[in-house]
Amino acid sequence: YCLNHRIVDTYKADLNQKVADLGFFRFRDPEFVVRELKHVLETHERVETFLFDDDLFTQDSDHAIAICEAYERSGISVPFVVNSHVKRLDPRVAAALGRAGCKILKLGIEAGSERVRKEVLRRFMTHADIMETVASAEEHGLHSSSFVMVGLPSETHAERLETVDVLAEARPGRFRTSFFFPFPGTAGYDLAISG
């Protein structure tokens, strides 16, 4: 499960800097992004969708909106897909994504059990957060796609069924299930070994 914290730790150690000083979050100029996409369309045939594979496209609301506005102004008619986080979808961003042509918003719900999300995954989102985010996405014409995991350390059978219940209630447009894999060097690995 998620390696991002190990990557950040490596940068911190190699550069001997605090996270805030790393410049780890980099935001690309919206107009430059649009120029790149137009170049792709001019040089490649049959491009049907763009996938903005930024882990958290919606992390910075103002930047996400600026990208959407530039995309909308560009006249590009190819739909696109973004990743978000349940607690990082400002309704203004959801509306901008819908206007710009975003078709799929991917969300990491990961587990239906709030205990598992907090204690195992360190994902501090509530049941209400999940319901509100999926509803907001759908309200703005975004097809929601949720990621869930099975085989999480200490997860009980009843908690696995909570994941089914959450998906049934939230009704995302689709979901993808994966098996938890504890990568060596991650907190998830340590938890799997100790449990």
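**Notes on the predicted model**

1. With a relative accessibility of 46%, E119 counts as partly exposed, a class that lies between buried (under 20% relative accessible area) and exposed (over 50%), judged with a 1.4 Å probe and protein chains only. E119 forms a salt bridge with R115, whose closest N and O atoms are 3.0 Å apart; a salt bridge here is a side-chain nitrogen of Lys or Arg within 4 Å of a carboxyl oxygen of Asp or Glu. Because R115 and E119 are 4 residues apart in helix α5, about one helical turn separates them. R115, at a relative accessible area of 27%, is partly exposed.

2. On the basis of the calculation, this is a predicted model, in which local features need pLDDT of at least 70 and side-chain atom pairs count only at pLDDT 80 or more, whereas totals for chains, interfaces and linings use all residues. Residues are numbered from 1 along each chain as its sequence is written, and side-chain values use heavy atoms, with hydrogens and water left out.

3. Helix α5 (residues 114–120) also holds E114 and K118, which lie 4 residues apart, about one turn of the helix, and whose side chains meet in a salt bridge of 3.5 Å, N to O. E114 is partly exposed at 28% relative accessible area, and K118 is partly exposed at 35%. Helices (H or I, at least four residues) and strands (E, at least two) are DSSP runs, numbered from the N terminus.

4. The count of salt bridges comes to 11. One of them pairs R73 with E31, the closest N and O atoms being 2.5 Å apart, and this pair links distant parts of the chain, since R73 sits in helix α3 and E31 in helix α2, 42 residues apart. R73 counts as exposed at 57% relative accessibility, whereas E31 is partly exposed at 35%. Side chains of opposite charge can pair when their charged atoms come close.

5. On the overall layout, the protein has 8 helices and 5 strands, and along the sequence these follow the pattern α-α-β-α-β-α-β-α-α-β-α-β-α. The C-alpha trace spans about 50 × 45 × 30 Å along its principal axes, and buried residues make up 41% of the 195 residues. Of the contacts (heavy atoms within 4.5 Å) with a separation of 6 or more, 72% are between residues 24 or more positions apart.

6. Which residues have the most contacts inside the largest nonpolar core? They are F52, Y71, F80 and L97, in a core of 37 residues, where a nonpolar core is a set of buried Ala, Val, Leu, Ile, Met, Phe, Trp, Tyr and Cys residues joined through side-chain atoms within 4.5 Å. The elements that give two or more residues to this core include α2 (30–43), β1 (50–52), α3 (61–74) and β2 (80–84), and the largest share, 6 residues, comes from α3. A second, separate core of 7 residues includes A111, V120, M149 and F180.

7. Not counting residues up to four places away in sequence, L97 touches F57, T58, C68, F80, V82, L89, C102, L105 and L142. In soluble globular proteins, nonpolar side chains tend to be buried together.

8. Strand β2 is largely enclosed by the rest of the structure, because 5 of its 5 residues are buried. F80, V82 and S84 point one way from β2, while V81 and N83 point the other way; in a regular strand the side chains alternate between the two faces of the sheet. Strands β1 and β2 run parallel and are joined by 3 bridges, two strands being paired if DSSP finds at least two bridges between them. F52 stands opposite V82 in β2.

9. Y11 has its place in helix α1 (residues 4–15) and is partly exposed at 39% relative accessibility.
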